[in-house]
Structure formats: structure tokens, C-alpha cells
Amino acid sequence: MTDIKAIYKEASKETVENLIDNSSETIENLYKKVVEDISFLKELNADVPQFLRLAIELRMNMRFILIDLMTSLRGCLNGTYTFEKCYHIKNLEGIRVEGCRLLFGYGKGREESIWMKLECELKQICQRSEKTKYAQVYERLLALYDNVSTQLRTVMTTYEERKSRNLTYHYDDDLYKVYKQLIKVKDKGEDEPMKCVIQWMDALLSIQVLCDTIEYVEVLQGNTFSKVTGFHHFLINGVKLYLYKRIVTEFSRKDQFKEILDKVLKDIDNVDWAAKEKDKLGRLEDWLGKNASNQYKPKTIKDMKDLMNVILLIEMSFADMSCAIRAFMNAGSDIEYPLIFRRLLVSKVSTLGHLVGYNDTEKGNALWTFIQKAVPADAEKLKTEASEIRIELESLLKQEEVKQRALYVHYLDRDTNGSNVLRILESIEGIDLLIEMNTYPAFIKIMGRIRKFLKTLMVEIAIRVDKNAKASNIKMRAQIKRLRQLLNNPKCPADLKISINRTLDQMEKIFKMDV
């Protein structure tokens, strides 16, 4: 994988390092403000106007989004490898999409979004205040709201960005789509995504100014609330924070661990290879489906395509988790540790969900089901191991973690059309680090076992093809000859023809067939 286009070529290394360091302090200060807003909301009296409640809730949401954005931004600026930078750029895009949904609602819930509710309350207050001394104040507030709305319309996410967000947070049963997204991000470079992020951050800061102004105006009229008393309830637990930092210290001392992470992210050849092989086999399968009769549609092609798909999932999952671990180790503020740690859970659960299905309904179409079908009927040892792997994978997929994953990637609760921000913060505060850390070795171990199993299965499939060739040499010659004839069809894409003919040449050499 070639290097990503560099960002801000004129920026010196010292400038970037200062930006990274300063952003940590900003994140920490913003988090204190978020905690303050949460405590305000919990302690507001029943007679406090809805307008003020909405403003404080909106400000809390926007501050949290800023924290999440800046956390991924630090990861990108700290990143050394192409895949690492692409990983954080994808997360930045996903955060923007989720931020727009939280602000403007989703689907039928758009009319009930917090931004629309604030506008409705503000217009009603303007009407009620027409003949009061605050009339001009609220008119100016409405004008400020309109200006911010205009600014927000310029930073709305596109349909393509929303599709990309789904691939980032959920993966896909066709992993080549996820790979193509990665390549698109790499080819686009850093400049364009960063400009979008900066414009979005500027819009969020404008919202904060609006909310601060609303609070000032309401307090000016006597709509006050008691000072915070529950501030400490939402600070990251000191013991857990000590554990986070202790883990980083221990990992940093182990050169072997850092070398493994570096190797995973530096040598992405496995991802490129699996993606290209999967795409080639998929295109051949599709082309044969349209241009060949059933007898010339070898099941082996589909089996190998499914196998490459799972290999690609494993490799991309390993790489994503390596990016998250490196960002965790480079965290510069207390809140960054749990925010980044949640990304590990998202990758783990998404991988398991695609392998065995999130629930009983999805099991039949899960990727591992196709792998089990690809195992030759008489390969008893492989069939047993495939079943054992499935049982272990299903045991690792906890339904509680499935719910956590859904919470962590959705700022907006689509059932209630309300904010998930408080629930996300309470959830990451409740993470039991010792228990969580103990689940990852088992996950990594089973992924390693799957890697070995798939390699063995590839060899077994090749052996079966070889045995079939020896048992019926004439039939194999006819099949390869017929495949070559089909590839000579003018409708066959030239690049596919060249690629598959090379594969057929290799088969002839491997099996030493005299064709």
C-alpha cells in the first residue's frame, strides 16, 4: 500500500508536535465542561424553562463531539503508517456523520431533533417577548441561530460519507467494499478530510457560542439554577485511570509488543493480497454466472472467494485494532483512554458478528457458515475444527457487548430520538479494565487459529483439485481448455482475462498437468 498524501506540507515537525500536545489540554478542559453540563442537567429545577434545558443539552452534545473529533485527530497526527492515518480519518468521517444525526435527527425523527426544538422554543419566546424590554435581545438570538444554521448547511455530510460511516463502524459481509473504502481514503489524502473536520469543528464552536449566549440571557432574567454539587460523579475513576496508564507503561517497556504493532501496520501486504484475490475470484464467478453453463461454474471458485473474504476480515480487524492500541498508548488526557478503548470493542464485536452472526437469525448467512460449507465432505478433521472454532467464536460474542457496540457508534438513540452521549459516558466509566483486557488474548488467539485453519483449508482444496485431476486428467484438461475459451470471449474484460490466465498457468505448473 503506497503512502497517503501528506497533510500541510509547510507544517514543521515541531508545529505538529505542539498541536498534538495542546490538543490534549483542550480535550481535558472540554471534558470538564461536559461534566459540568451533565451535572447542570441533572440538577435543574422543574421550573427552569425548556429553552435553557435544550441549550445546555445541546452544548453538552457538541462539546462531546468536539472531544471525540479531537481524539481521532490526535491519533491521525500521531500516526506513523498509512493504514493508521486512514483508520483515524475514517473515524473522523464517522464522527461527523453521527454528529449531524444527533443535531438534525434521523429519518422520520428530523422534526423532533434538538436543533429544530431549539428553533421552535426560540420563536415562541420571541413572540411572547415582543412588547418587553427583552424583545431585541431575543431577536438578535434568533438572528444568531439563523447564522449558525446557515453555517451548518455548508458542512452537512454527503450520502457517500454516510455510506462510508457504515463501513467504518459495521464492516460489511463483502469485505472488498471495506478495502475499497480504505483505498479511497488513502488516495484522497489528508487535506480534504482535515478541511472538512476543521469546518465542522468551527460550526460546533459556533453552536457553543449560541448556547453560551442563551444561558447568559436566561440568567440575566433570573432563570438561574443551583451550582453543581455532583461534579465528581462523572470524573473518570482514579483507580481505573491508574490502570490505563500502568498498561501503557508496561506495554511501552516491551519492545516485542511495539514491534508486533509496527509489523502489522507497516506490512499491509496481506490485506492487499487478500483483497485483490477476493476481487479477482468474485469477478470470475460473476462473469461465469453470466457466460457459462452450470458445468463450467466450479464450486471451488466460490469456496476460495469466501475463504479470501474471511482472510480479509481477519487482516483488517487486526490492523484496525493495532491502530486503536497505538492511539491508546499515545493518549494525552484522561478521557482519551476510555474513548479510544471503546474502539477496540467495536472492532472486536463487528468482526465476531460478521463471522458467526449477531443473533440466531443471522447465523445462516454468517461468513463462517460459508467456510464450513467449503470444507470437503470427507475432511473430517477440518470439519471438526471448523465446528470447534464456531463454538469458540460464539462464546466470545457476548450480547451485552453487542449492545455496547451499538451504543458506542450511535450518538443518537433512534428509538427515542434522544442523545446517547450521557449513556456513552456512563458506559465507558463502567468499563472494568481488568475483565476487558482478559477478553482480548482469547480473541487474538482464535483469530490466529482461524488464520492457520484457512491456510490448511486452502491446501486441502488444492489437494482435492489435484486428486481430481489425476483421477480424471482428460476432464480437467477439458475444463481448463473450456475456461480459456470462455476468457477469449470479446465481452470478457481484458484485465480479468490476463489475471485468470495467469492463475491457470500457475495451476498447470503446480499440478504438472500436460495440457
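Me: Which residues touch the most other members of the largest nonpolar core?
Reply: W115, W368 and I450 do, in a core of 151 residues. A nonpolar core here is a set of buried Ala, Val, Leu, Ile, Met, Phe, Trp, Tyr and Cys residues joined through side-chain atoms within 4.5 Å. Buried means under 20% relative accessible area, exposed over 50% and partly exposed in between, with a 1.4 Å probe and protein chains only. This is a predicted model: local features need pLDDT of at least 70, side-chain atom pairs count only at pLDDT 80 or more, and totals for chains, interfaces and linings use all residues. Residues are numbered from 1 along each chain as its sequence is written, and side-chain values use heavy atoms, with hydrogens and water left out.

Me: Which helix gives the largest share of this core?
Reply: Helix α12 (residues 299–329), with 18 residues. Helices (H or I, at least four residues) and strands (E, at least two) are DSSP runs, numbered from the N terminus.

Me: And what does I450 touch?
Reply: V310, I314, L355, W368, I389 and L393, leaving out residues up to four places away in sequence. Contact is heavy atoms within 4.5 Å.

Me: OK, W368. Which residue does W368 form an aromatic pair with?
Reply: F453, and the pair is tilted, at 5.6 Å centre to centre with 45 degrees between the planes. W368 is in helix α14 (residues 367–374) and F453 in helix α18 (residues 433–471), so the pair ties together parts 85 residues apart in sequence. For pairing, ring centres of Phe, Tyr and Trp (its six-membered ring) lie within 6.5 Å; planes under 30 degrees apart are stacked, over 60 edge-to-face, and the rest tilted.

Me: Is W368 buried or exposed?
Reply: W368 counts as buried because its relative accessibility is 0%. F453 counts as buried too, at 1%.

Me: Switching to α15: which residues are buried there?
Reply: L382, A386, I389, R390, L393 and L396. Down the axis of α15 they fall within an arc of 125 degrees, so they line one face of the helix. The arc is taken from the directions from the helix axis to the C-beta atoms.

Me: Which residues are exposed on the other side of α15?
Reply: K381 and I391.

Me: Last one: which charged end sits over the ring of Y106?
Reply: That of R414, 4.0 Å from the ring centre. K348 lies over the face of Y440, at 4.7 Å. The cut-offs are NZ of Lys or CZ of Arg within 6 Å of the ring centre and within 35 degrees of the ring normal.
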